[in-house]
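Please find below a colleague's note on the model.

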Amino acid sequence: MSKRRRASHQLPATPPAPATVAAREGKIRISTISLCGCWGCTLSILDMDERIVPLLDRVTIVRSSLTDLKRITGRCAVGFVEGGVANEENIETLEHFRTHCDVLISVGACALWGGIPSLRNSVGLGACLAEAYLESPTAVAGARPTIPLHPEIPRLTAKVHPCHEVVHMDYFIPGCPPDGDAVFAVLDDLAHGRPVDLPRSLTRFD
Ligand code: SF4
């Protein structure tokens, strides 16, 4: 019996994912993105620290906070997603990731269930915007309080959504943020062609 117990949030066993097959055949391409989050989960990805160096024999980092590419070119085996979906640009970016990544992983509370940004769901978008731009003490002190509206500013969605409400997500790494060890465990499994088996000891929800 495996020393590592399968975490309850994992999807049931399925046929080998394309990423798993790719890993068995050699190097895999991975990407990361931050949607509506605070970049804390992205820092957890960086918290793999020097362990990422030997993994580079098996992993090519395509789009990330290190490369700052805006779009994925070609296909990626794995996409890590931080943050929930709070505006139309987030939707477009997440759908782009879904189209270009074989395996998509929600990283952190914001991606899993909306996190802190989703607190606005309880009062409604209109009330939030009014409080922020029209009724706050600093807004009242301004000459003409107004809600910003410009084609360059992504339109906010009525509610903040977890990623899986927008596209299919394959795996979930909970936590705010998850431990860098958890991100490494998942990436190490995928890079070596093993089924993802996040240890219970690395599964946290705080
Ligand atoms: Fe930041 Fe926590 Fe959201 Fe991660 S889950 S992006 S650390 S608020």
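1. Pro 177 is located in the loop that links S7 to helix H8 (180-191); helices (H or I, at least four residues) and strands (E, at least two) are DSSP runs numbered from the N terminus. The peptide bond leading from Cys 176 into Pro 177 is cis, with omega near -5°.

2. On provenance, the model is predicted: local features need pLDDT of at least 70, side-chain atom pairs count only at pLDDT 80 or more, and totals for chains, interfaces and linings use all residues. Residues are numbered from 1 along each chain as its sequence is written, and side-chain values use heavy atoms, with hydrogens and water left out.

3. Which residues surround the ligand? The shell consists of Gly 37, Cys 38, Gly 40, Cys 41, Glu 82, Gly 108, Ala 109, Cys 110, Gly 175, Cys 176 and Pro 177, where a residue is counted if one of its heavy atoms lies within 4 Å of the molecule. Both partners of the cis bond, Cys 176 and Pro 177, are therefore listed in this shell under that definition.

4. Helix H2 (40-46) and helix H5 (109-113) each contribute at least two residues to the shell around the ligand. Sorted by class, the shell holds six nonpolar, four polar and one charged residues. In this scheme Ala, Val, Leu, Ile, Met, Phe, Trp, Tyr, Cys and Pro are nonpolar, Asp, Glu, Lys and Arg are charged, and the others, Gly among them, are polar.

5. Strand S5 (residues 101-107) is mostly covered, with six of its seven residues buried (under 20% relative accessible area; exposed is over 50% and partly exposed in between, with a 1.4 Å probe and protein chains only).

6. S5 pairs in the parallel sense with strand S3 (residues 76-82) over six bridges; pairing requires that DSSP finds at least two bridges between the strands. Val 78 has Val 103 of S5 as its bridge partner. S5 also runs parallel to strand S7 (residues 171-173), to which three bridges join it, and Ser 106 stands opposite Phe 172 in S7.

7. Trp 39 counts as partly exposed because its relative accessibility is 44%.
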